[in-house]
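Here are my notes for your first read of this model. Keep the structure open and check each point as you go.

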Amino acid sequence: MTRLAYHGGTPIRTAPWPSWPIRDEREIKALDDVARSGQWGRLCENSRVAEFEKKFAAYQDAQFGIAVTNGTAALTIALKAAGIDIGDEVIVPGYTFIATASCAVQNNAVPVFVDVEFDTLNIDPAAIEAAITPRTRAIIPVHWAGRAADMDRILAVASKHELAVIEDACHGWGASWKNRKLGAIGDLGGVSFQSSKHITAGEGGIILTDDEELAAKCFSYHHIGRIAGRPFYEHHRIGWNARMTEFQAAVLLVQLERLEEQAARREANAVFLSHQLAGIDGISLPRREPFMTRIAWHEFRLLYDEAAFGGVPRDAFVAALKAEGIPAGRGYSHPLYKNPVFAEQRFGRLAEHVQFPDYARMHLPNCERICRDSVTISQLCLLGTREDMLDIARAVRKIKNNAHALADRPAHACA
Ligand SMILES: Cc1ncc(COP(=O)(O)O)c(C=O)c1O
């Protein structure tokens with residue numbers, strides 16, 4: 001039987017994967033143009049930031065876009081504009097990036113973590129309903145990896161309890177729910193353009209909404225409390241300087257030109273790869289609900305069953321996959337609420353005024369199971385060819401066929 005690369009055999013793949021970000025002379029020219037123009041901030045004529053806001057919002061089926069410094073700022077300002085204030089409870093999934101919850105604390109509010117569904121990776125609408133108290137003011141569903149959350153059920157709960165819905169669409173570029181793109185399905189949404197994201201300027205973000213009043217508030221909050229059309233040194237609220245630069249917007253405008261083709265390619269490759277992996281005992285894929293009309297595929301996730309792999313631990317499987325030349329990872333090693341900042345309530349004196357849940361004792365089984373039993377494969381792979389997808393499937397099958405050897409010698413697998 002073929003020896004695993006992990007044990008010194010020949011890897012399935014040695015050819016490189018596409019490097020990220022995809023870029024060419026257009027980005028360089030765009031940056032050069034901004035540098036030469038001397039118009040580096042958005043407060044200029046014919047701002048590229050304003051152009052990007054219009055184009056990206058239209059692409060995402062939103063009426064308004066407010067470009068900001070990053071996705072964290074987008075979510076923080078969106079919550080502020082939605083009126084979230086001291087002591088308010090904001091329901092968030094336990095399996096997510098810190099910004100989904102820190103945006104609540106930045107607004108002196110309380111993140112209430114609820115479980116996700118193991119097989120969709122998204123917030124469980126039933127868990128949202130169960131977590132509602134008289135202090136609940138908002139829900140932040142995350143469209144994990146660009147897989148639309150169950151917005152019908154989330155919007156129904158929100159409407160019943162008069163809650164704001166702020167979509168964490170930080171992975172949502174080009175993805176859709178019932179053929180509508182993500183970000184402005186709820187009241188507001190935030191998107192990230194940080195380095196790993198599918199269009200990127202190194203950092204960057206945007207707030208999306210269909211509500212003109214909320215858009216004006218977000219604009220003001222991101223512009224240190226100024227109001228469009230009013231005198232420059234007239235400030236109406238305590239805000240942030242979260243303005244995107246013209247350099248970022250220039251790069252993003254170029255990146256946006258490639259997004260649709262890349263999104264379609266990722267989707268086609270992911271569907272093909274899903275078929276190739278079907279039937280491998282011990283590997284299942286997150287469920288695709290009919291409302292997930294397009295997934296952005298910020299990662300390709302496998303749900304791994306150690307028992308079906310003869311007891312090979314997930315981390316050993318990941319190490320073996322990497323040795324075969326597949327860029328695999330395990331994602332978050334623990335759910336967000338297990339981080340010291342939450343478990344030890346490191347919120348400064350806010351904790352003297354606001355009651356936080358005992359995060360240290362929190363146990364959300366599906367969040368914990370995803371951290372333990374799943375495997376990520378980089379989105380970069382999905383920009384490859386059909387043959388590349390076959391390499392991934394071959395590598396998984398090779399490990400499956402050699403699971404006994406890996407189970408016997410997994411020693412340095414978890415390094
Ligand atoms: C789910 C999620 N929300 C929010 C963010 C925050 O975005 P940024 O890094 O641009 O601040 C990220 C970034 O990785 C994310 O993955």
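1. Start with N46, in the loop between α1 and α2. Helices here are DSSP runs of H or I with at least four residues, strands are runs of E with at least two, and both are numbered from the N terminus. N46 is not a glycine, yet its phi is positive, about 45°. Most residues other than glycine have a negative phi, and most peptide bonds are trans. N46 counts as exposed because its relative accessibility is 74%. Buried means under 20% relative accessible area, exposed over 50%, and partly exposed in between, with a 1.4 Å probe and protein chains only.

2. A word on the source. This is a predicted model, where local features need pLDDT of at least 70, side-chain atom pairs count only at pLDDT 80 or more, and totals for chains, interfaces and linings use all residues. Residues are numbered from 1 along each chain as its sequence is written, and side-chain values use heavy atoms, with hydrogens and water left out.

3. Other backbone points deserve a look. I224 has a positive phi of about 40° and is not a glycine. I224 sits in the loop between α7 and α8. At 29% relative accessibility, I224 is partly exposed. N108 follows α4 and has a positive phi near 60°. Now find the peptide bond between W20 and P21: it is cis, with omega about 0°. P21 belongs to the segment before α1.

4. Next, α8. This helix has 32 residues. From first C-alpha to last it reaches 44 Å, close to the 46 Å expected at 1.5 Å a residue. The expected span is 1.5 Å times one less than the number of residues. Where is the kink in α8 centred? On L259, with an angle of about 40°. The bend is the angle between axes fitted to the seven residues ending at a residue and the seven starting there.

5. Move to the loop between α7 (212–222) and α8 (246–277), where Y233 is found. Y233 is exposed, at 68% relative accessibility. L43, F232 and Y233 make a nonpolar surface patch with about 370 Å² of accessible area together. Patch residues have over 30% relative accessible area and no salt bridge; like charges are joined within 9 Å, and nonpolar side chains (Val, Leu, Ile, Met, Phe, Trp, Tyr) within 5 Å. Areas come from the Shrake-Rupley method with a 1.4 Å probe, and for residues only the protein chains shown count as cover. A228 lies in the loop between α7 and α8 too. A228 is exposed, at 59%. Its C-alpha is 54 Å from that of A278, 50 residues away along the chain.

6. Is helix α4 (residues 99–106) mostly covered or mostly open? Mostly covered: 7 of its 8 residues are buried. Among them are C103 and A104. The cover includes α3, β2, β3, β5, α10 and α11. Contact means heavy atoms within 4.5 Å.

7. L79 is a residue of α3. L79 is buried, at 0% relative accessibility. Leaving aside residues up to four places away in sequence, L79 touches I84, V90, C103, A104, N107, A138, I140 and I166.

8. Finally, charges. The structure holds 35 salt bridges. A salt bridge is a side-chain nitrogen of Lys or Arg within 4 Å of a carboxyl oxygen of Asp or Glu. One of them joins R258 and D24, at 3.1 Å from N to O. This pair links distant parts of the chain: R258 is in α8, D24 is in the segment before α1, and they are 234 residues apart. R258 is buried, at 10%, and D24 is partly exposed, at 31%.

9. K55 and E51 also pair, with their closest N and O atoms 2.9 Å apart. Both lie in α2, 4 residues apart, so about one helical turn separates them. K55 is partly exposed, at 43%. E51 is partly exposed, at 34%.
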